[in-house]
Amino acid sequence: SIPVIIDCDPGHDDVFALWLAAGHPSLDLLAVTTVGGNVPLEHTSRNARVALTVAGVTDVPVAAGAAGPLARELSTAEWIHGENGLGGPELPEPAFGLDPRGATALMADVLAEASEPVAVVATGPITNVAVLLRDRPEVAPRIREIVWMGGSTERGNVTPYAEFNAWVDPEALDLVLRSGIPFTMVGLNVTHRALVTAEVRARLAALGTRTSAFGDELLDFFCRTNDEVFGLPDGPLHDPVAVAVLADPGCVDVVRTRLDIELLGGETVGATVVDLDGMLAREPNAGVAVGLDVNRFWGLVEEAIGRLA
Ligand code: BDR
Ligand code: CA
């Protein structure tokens, strides 16, 4: 199985990313780090532990990282995720505390100690990964690859051309792209196919477990806010699609292309510029997800949750 670190900002869909990583047999979840994003850091750091506690996973260290972006103020998304970031269910007390090392040291230690290079999946603004590469560059060769949910080959969801995770911390994405570590972007163009339809909800609820029941309450809230804000009653469950790239590569079509992030544009800051047609004649520097086998994806999520508490 592939050793993996999840860096996240839970967030409803981040919870499903954590569950997919913790429950899928082809992945070995070594650590979780949190970042300020959907809601401030104290909430995301608690929510990550709540998600793992519900799933009965209490032996994976969770450490808090950056409270905000490298060079900008934090913008949050309570309008989708609620005041505490996990609107809907009643949240249990986390069964364990935060790892005192903090995100950078935890990631560096896990990378240094692992017997093989470790994949990093980021499902929020990619600040923590940028800080790691900036402050602990010696561990970069220990990173097998980075998969990030964010960006889009098409339009955005926070401005016409910017997706939330890209827009919150574009400088962090720029730094990570320049590192040369194998990088895959999983953007809205594919995550908008991972729709939580009534059929998907019924299928997950039918698992009949504590985790699936908690998940159903999360999805109920998430679909309602996505309907209110975007007119998408079958909310797109973005973040686990990035984990699916590792769990089952055949589930997501990825092309190698040129990816750049807009840092300066007056109206387009945070837009991911994906040169699918090679117009810029620059060296490809990333994989970009362009297709999703939707049924196979929900099968992975179902299988993983079914293996949790
Ligand atoms: C991304 O933004 C967050 O609200 C979600 O958790 C996801 O990571 C989608 O744009
Ligand atoms: Ca997220």
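**Notes on the model**

1. The shell around ligand 1 is made up of four nonpolar, seven polar and four charged residues. In this classification Ala, Val, Leu, Ile, Met, Phe, Trp, Tyr, Cys and Pro are nonpolar, Asp, Glu, Lys and Arg are charged, and the others, Gly among them, are polar. The shell has 15 residues, with G11, D13, A77, F164 and H238 the closest; a residue is near the ligand if its C-beta atom, placed from the backbone, lies within 6 Å of it. At least two shell residues come from each of α1 and α6 (164-168).

2. The model is predicted: local features need pLDDT of at least 70, side-chain atom pairs count only at pLDDT 80 or more, and totals for chains, interfaces and linings use all residues. Residues are numbered from 1 along each chain as its sequence is written, while chains are lettered from A and ligands numbered from 1 in the order in which they are written.

3. The protein chain has 12 helices and 10 strands, taken as DSSP runs (helices H or I, at least four residues; strands E, at least two) and numbered from the N terminus. Its radius of gyration is 17 Å, close to the 19 Å of the globule rule for 309 residues, so the chain is as compact as a globular protein of that length. The radius is taken over C-alpha atoms, and the rule is 2.2 Å times the number of residues to the power 0.38. The C-alpha trace spans about 50 × 45 × 35 Å along its principal axes.

4. Of the 309 residues, 53% are buried, meaning that 20 or more other C-beta atoms, placed from the backbone, lie within 10 Å of the residue's own; exposed means 12 or fewer, and partly exposed is in between. Among contacts between residues at least 6 apart in sequence, 82% join residues at least 24 apart, a contact being two C-beta atoms, placed from the backbone, within 7 Å.

5. Helix α10 (residues 210-230) has 21 residues and should span 30 Å at 1.5 Å a residue; its end C-alpha atoms are 30 Å apart, which agrees. The expected span is 1.5 Å times one less than the number of residues. Buried residues in α10 include F214, L218, L219 and F222. The buried residues of α10 pack against α1 (12-23), α2 (41-54), α3 (78-81), α9 (198-205) and α12 (294-306). After α10 comes G231, with a positive phi near 65°.

6. V243 belongs to helix α11 (residues 239-247). Is V243 buried or exposed? V243 is buried, with 30 other C-beta atoms within 10 Å. Leaving aside residues up to four places away in sequence, V243 touches A17, L20, A21 and V121. The C-alpha atoms of V243 and I6 are 8.8 Å apart, although 237 residues separate the two along the chain.

7. Two loop residues are exposed. P160, in the loop between β5 (143-149) and α6, has 10 other C-beta atoms within 10 Å and is exposed. A281, between β9 (272-274) and β10 (286-292), counts as exposed with 7 C-beta neighbours inside 10 Å. Phi of A281 is near 50°, positive in a residue other than glycine.
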